[in-house]
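Please open the structure in a viewer and keep a selection panel at hand.

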Amino acid sequence: TAGVIYAWGKDTVKLQEPRQHLGTIVSDVSCYMLPTPNRNLLEKRLRRYERNVSLLTTALSNYLATTPSKILQNVAHPTLPHHPAFSWAKKIPFHGSFFAFTWHKKYDTPGMHNRFIKEVLRQAKKQKVQITAGTSFGFQKSRIYLTSATTDVGKPFVRFSVGTENAYEIEKIKHMLISTIKKL
């Protein structure tokens with residue numbers, strides 16, 4: 001676990017709670033578990049994440065545009081034209097390996113978020129798709145989780161972190177997510 005928080009002035013005093021709840025504390029042992037970097041392998045892995053997140057976000061965004069959901073508005077990722085960072089993000093080579101689900105206001109609650117996650121996991125099991133519930137990103141298997149659920153420093157949201165699955169597995173994940181959206 002690790003991350004970055006940017007703060008200055010009197011706000012730095014308030015960092016302990018965000019560090020505890022937003023995944024920005026890294027333990028010494030975590031640092032020692034990192035392998036020696038291999039640039040070629042890292043670039044290949046980042047390209048796989050980029051491809052996987054692009055395949056899923058494009059498909060889900062297109063699905064939600066043509067088949068509106070009463071619960072979900074869309075997905076948020078900087079490679080999608082409706083994202084506020086799209087105009088400048090399209091110029092950078094890597095956009096992150098995760099995206100968030102955006103909700104219609106009435107349904108944007110931790111209770112609905114948890115219900116959605118449980119349904120994703122139920123559908124994944126039923127369809128024999130490997131999805132893990134839990135925080136973090138950068139793993140081989142995709143993950144889904146609720147962030148900022150017990151803190152006052154952020155608004156809870158559902159994050160989906162893609163793994164390094166092959167194109168066939170990503171296609172199965174796409175169908176599983178769409179079937180979950182249909183069920184809600």
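The stops below concern a sheet, a helix pair and a loop residue.

The model is predicted: local features need pLDDT of at least 70, side-chain atom pairs count only at pLDDT 80 or more, and totals for chains, interfaces and linings use all residues. Residues are numbered from 1 along each chain as its sequence is written, and side-chain values use heavy atoms, with hydrogens and water left out.

**The sheet**

Begin with the five strands, which form an open sheet of mixed pairing in the order S1-S2-S5-S4-S3. Strands (E, at least two residues) and helices (H or I, at least four) are DSSP runs numbered from the N terminus; two strands pair if DSSP finds at least two bridges between them. At the edges lie strand S1 (72–76) and strand S3 (132–133), each of which pairs on one side only. Helix H5 packs on this sheet and touches S1, S2, S3, S4 and S5, and the direction of H5 makes about 170° with that of S4.

Next, select residues 157–161, strand S5, of which four of the five residues are buried (under 20% relative accessible area, with exposed over 50% and partly exposed in between; 1.4 Å probe, protein chains only).

**Helices H5 and H6**

Now select H5 (residues 110–126) and H6 (residues 167–183), which pack at an angle of about 130° with their axes 9 Å apart. The two helices are therefore oblique (angles under 35 degrees count as roughly parallel, over 145 as roughly antiparallel, 65 to 115 as roughly perpendicular and the rest as oblique). Axes are lines fitted to C-alpha atoms, for helices over the stretch in contact, and angles run from 0 to 180 degrees between N-to-C directions.

To display the contact (heavy atoms within 4.5 Å), show Phe116, Glu119, Val120, Arg122, Gln123 and Ala124 of H5 with Met176, Leu177, Ser179, Thr180, Ile181 and Lys183 of H6.

**Lys128**

Finally, select Lys128, in the loop between H5 and S3. What is its phi near? The phi of Lys128 is near 60°, a positive value in a residue other than glycine. Most residues other than glycine have a negative phi. Lys128 counts as exposed because its relative accessibility is 67%.
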